[in-house]
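Trainee: I'd like a close look at one part of this structure, please. Take your time and connect the details as you go.

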There are 2 protein chains.
Amino acid sequence: MTDTKKQHNKQDKVGKASEENKVVTPQNNCRDEVNSIYTGEFAHPADAADHIENLSIEKQVCMMEHLSSEDAAEALAEMEERAQTDIIENLDVDVAVRILSEMSPDDATDVLDELDEEHRDVLLERLEADDAEEIRNLLAFDPDTAGGIMNTEIIILSQDLTADQAIMHIRREMEDKEIPYYAYIVDSEERLVGVLSLRNLLLCRPGTVLEEKLSDQSLISVVFDEDKENVAHLLSRYNFMAMPVVDYEGRLLGVVTYDDVIDIIHEEASEDMLGMVGAGQDETVDTPWLESVKVRLPWLFINMMNSSISAYVVFLFEGSIAQMAILAVLMPIVANQAGNTGQQALAVMIRQLAVERFDRGKSWKAVLREAKVGALTGLIVSLLVMIGVFLFTQNVLLAQVMASALALDMLLGALAGASIPLILKELGRDPAQASSIFLTTLTDGFGFLIFLGLATMFIL
Amino acid sequence: MTDTKKQHNKQDKVGKASEENKVVTPQNNCRDEVNSIYTGEFAHPADAADHIENLSIEKQVCMMEHLSSEDAAEALAEMEERAQTDIIENLDVDVAVRILSEMSPDDATDVLDELDEEHRDVLLERLEADDAEEIRNLLAFDPDTAGGIMNTEIIILSQDLTADQAIMHIRREMEDKEIPYYAYIVDSEERLVGVLSLRNLLLCRPGTVLEEKLSDQSLISVVFDEDKENVAHLLSRYNFMAMPVVDYEGRLLGVVTYDDVIDIIHEEASEDMLGMVGAGQDETVDTPWLESVKVRLPWLFINMMNSSISAYVVFLFEGSIAQMAILAVLMPIVANQAGNTGQQALAVMIRQLAVERFDRGKSWKAVLREAKVGALTGLIVSLLVMIGVFLFTQNVLLAQVMASALALDMLLGALAGASIPLILKELGRDPAQASSIFLTTLTDGFGFLIFLGLATMFIL
């Protein structure tokens, strides 16, 4: 999570580092690494952050101590959460405070949020009172909501100002902050009443009072406790660079910027794919492997229980299988094929729920669509399988039973694959979570039941 | 795909519509719909687009005819590709040309790209020569590359200008275009040499020549034929609002903006999830169902062939199953559990490849990590299953065989799940494509082989 206003300025800051920081001559074991930052080896702080993340913790700490506070803060802001926490925990309190003061409040909040409370309080005590209060306020928001990711360094203008007063105000702010593209206009109660771009301001006649420019704006904003994924949907729907965040009285609190939204969309896609198969929703290849074991085991047990149910169905037909072992040969084909059909429907539906606003009517129409796809693909595949089984076994009845079971199970797979995410959603759960496990239970169990059942009835 | 520069201005344009367009009084069958746009019912053109998309094609066409060209263009830009094509194909050529002229060149290109060549040429003939040439140039780029998604309405400044000349130039451009946040600086050969923010310009001493401000910038840009997903990775890595696109000589062609990148990231996530199970990578719930059947059938056949291989393994042990039908009961549990283990590894790896730059060393280390997770979860689950099978069958040997087969197959599942995306990637294929199908073939086939093999060797 990085702060846009700082980012806006990144393309020009990169180069400046080498100019401003030549004074630094680290007498220590990270001299080469520190120099590499100032010799222009890295085009961007994100590249420097990558490089630092791969060093030993000793070198990381040493670099943080010897880089300029600004460069250290920029690199730290670009690192993964885990690396941020490791570094701050190992850093001298003075150095940590020096670096945190250089970070934007929302970046600093992200870092402090990961620390244990005691350590966090020590650092907050040492920060300047203003910064500390700002960060304490931000820490109070749930990190999964608009408030938890918002950026508070914005230009706020009172609606009573005239356009020329506004421009003067922005010019003053510009000295120590990057000017953002939008200015947010508030009334006397600090309630958000409008948004103006720099262009609007520069094209106004000087004496125009801002309020007059806003009369017919329809304003889009979110409340601080809005889920961050919904904020991401809205921002991407409206192509905003930043989405204003307000409290329940409509008072402006901050903005969520497009770069945080890009991170949220990345996370959301990972969560869906990982959740679907019962892996940890925030697992990456960097997660310690024992942590992955801990997260995945419960779902593997649930999968185990579920496949025991399917196995029990087979057990009920043990006698039929003993009589006709070929049934055991064909039975996995039914289950596997219906499972794949169902997963196709599942994937389409999970993405639908991830990308678009939830529309109940449209979603259930989509289930119907999947049922049609499942019915037709089932029919075609079954006909071919019928021929195949007949050629292989010379048993017409068996071929017919196999084809019927396959067609029915594929239809069920499509229906189940499309419905499971919707049912989870209606129950207030994550539509992806373990959906693939539930699906397989259904397609396996039903597949075995119908295939072995039909075989027992018609062949044996 | 919508154009940022137009978007920047969106929050203020929305309201203006009702002011400027009260003259429109459609004498026709879409009067209510057109009025709904001008009564402020929709907060944003994206909302209006949504509304229009759900109308009949007759009403859609009628609205496009009766909305102001600007409003029609904005709504059209926000619609899905399919809806855009339907509308333009049904629209009178004059009206279509009027609306297309109001669109930004990159949006107009997206629309025209979907039409058949003949219709496209008719429309291009009728557009103003300048616009038509710009669009023809853009149509020449592969839509999956930086060139195919770039936006060409940017502010370009010569490096010989002084800061005050630059500001005057921007003020002039501002009259009919939105000023973007960045200005791109080129040399006499039109090669990109730097990027300056408005803040940089406004803080310069008036006489400063731009070139001097650029001396130590390290510039990040992409070549026009760079894959659009790589462009998205870079922009999100560096938190840029826009990534400059250049030709092989370094001449500036345009920029890719954050809002297009958000769309690409959404698409990419869908492609991974859909591709993994062999659905169409651009399928949504709006895809005509017969098209879905066509896309999915080939993968279902491949899945069929693959599960026939696993079935053949079972067939080899038909004799063992006839002797001991309980084997058929337990066999699906092995396959299912190993399949789930493998899918967890698969999902982690596909996301890794989607979110980070490819790093061969890191990726193969991740396979090792998954192997450890697979080995330990396999061990734990197997021990429990051993106890369960013993309690259920009172057969110690069978319980041991089952546990061994399960542990081995889960390890294989983890290894295969983690390796398949990497192998596909190394082969130059999409790492997600049908990976789940390949995985299941391995875990099913190997699971049946090892379980039935061990049982035949040690029990029968």
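Mentor: Happy to! A helix here is a DSSP run of H or I with at least four residues, a strand is an E run of at least two, and both are numbered from the N terminus. Keep in mind that this is a predicted model. By that definition, residues 373–392 of chain A are 100% helix and 0% strand, with the end C-alpha atoms 28 Å apart. The stretch 436–459 of chain A comes out at 96% helix and 0% strand, and its end C-alpha atoms lie 33 Å apart.

In chain A, the strands β4, β5 and β6 form an open sheet in the order β4-β5-β6, with mixed pairing. Its edges are β4 (222–223) and β6 (252–257) of chain A; each has a single partner strand, so one side of each has no neighbour in the sheet. Strands of a sheet pair through backbone hydrogen bonds, in either a parallel or an antiparallel sense. Between β5 (residues 242–246) and β6 of chain A, the pairing is antiparallel and spans 5 bridges. Within that pair, A:Met243 sits opposite A:Val256 of β6(A). Helix α16 of chain A, residues 228–238, lies across β4, β5 and β6 of chain A and runs at about 135° to β5(A).

Next, look at chain B. There, β5 (residues 242–246) and β6(B) run antiparallel and are joined by 5 bridges, with B:Ala242 facing B:Thr257 of β6(B). The hairpin these two strands make has 5 residues between them, and B:Gly250 adopts a positive phi near 85° in it. Strand β6 of chain B (residues 252–257) is mostly covered, since 5 of its 6 residues are buried, where buried means under 20% relative accessible area.

Chain B also has an open sheet of 3 strands in the order β1-β2-β3, again with mixed pairing. Here β1 (156–158) and β3 (192–197) of chain B are the edge strands, each pairing on one side only. From one strand to the next, the twist averages 35°. Strand β2 of chain B (residues 182–186) pairs with β3(B) in the antiparallel sense over 5 bridges, and B:Tyr184 is found opposite B:Val195 in β3(B). As you look along these strands, remember that side chains in a regular strand alternate between the two faces of the sheet.

Methods. Residues numbered from 1 in each chain as written. Chains lettered and ligands numbered in written order. Predicted model: local features only at pLDDT ≥ 70, side-chain atom pairs only at ≥ 80, totals over all residues. Heavy atoms only, no water. Pairing = 2+ DSSP bridges. Contact = heavy atoms within 4.5 Å. Axes fitted to C-alpha atoms, helices over the stretch in contact; angles between N-to-C directions. Buried < 20%, exposed > 50% of the residue type's maximum accessible area, 1.4 Å probe, protein only.
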